[in-house]
Amino acid sequence: MPVFINVPTLLRSYTQDSKRVEAQGHTVREVVDDLERRYPGIRPRLMDEQRLHRFVNVYLNDEDIRFLDNLDTTLTDRDELTILPAVAGGAR
């Protein structure tokens, strides 16, 4: 069951500069595990052992997974995940 992931610029060095990749899984957690198998080193940029880093937002078809079942959110064939790292800063 393919799921498509939109990869932010900050993580593209892990995906051979691809902005959109494919992974397999029935939940977001399984997709992250598959991403790690395909692109070693990407998981620690997204999460610790059990949960997403607080500065990483993941959207399933434009809906924040934190308001669904988080990493246990169920996926269907050809769903689209978007990874958005939070950006902070600005002028003083």
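## Asp 17, out in the open

Asp 17 counts as exposed because its relative accessibility is 63%; exposed stands for over 50% relative accessible area, buried for under 20%, and partly exposed for what lies in between (1.4 Å probe, protein chains only). You will find Asp 17 in the loop that links β1 (2-6) and β2 (20-24). Although Asp 17 is not a glycine, its phi is positive, at about 65°.

Before we go on, a word on the model: it is predicted, with local features needing pLDDT of at least 70, side-chain atom pairs counting only at pLDDT 80 or more, and totals for chains, interfaces and linings using all residues. Residues are numbered from 1 along each chain as its sequence is written, and side-chain values use heavy atoms, leaving out hydrogens and water.

## Asn 70, another positive phi

Asn 70 is not a glycine either, yet it has a positive phi of about 50°. Its loop runs between β4 (63-64) and β5 (80-85). With 28% relative accessibility, Asn 70 counts as partly exposed.

Helices (H or I, at least four residues) and strands (E, at least two) are DSSP runs, numbered from the N terminus.

## The largest nonpolar core

Now to the inside. A nonpolar core is a set of buried Ala, Val, Leu, Ile, Met, Phe, Trp, Tyr and Cys residues joined through side-chain atoms within 4.5 Å. The largest one has 23 residues, and Ile 5, Val 31, Leu 35 and Leu 81 touch the most other members. Two or more residues each come from β1, β2, α1 (28-38), β3 (56-60) and β5, with α1 giving the largest share, four residues.

Leaving aside residues up to four places away in sequence, the contacts of Ile 5 (heavy atoms within 4.5 Å) include Val 31, Leu 35, Leu 81 and Ile 83.
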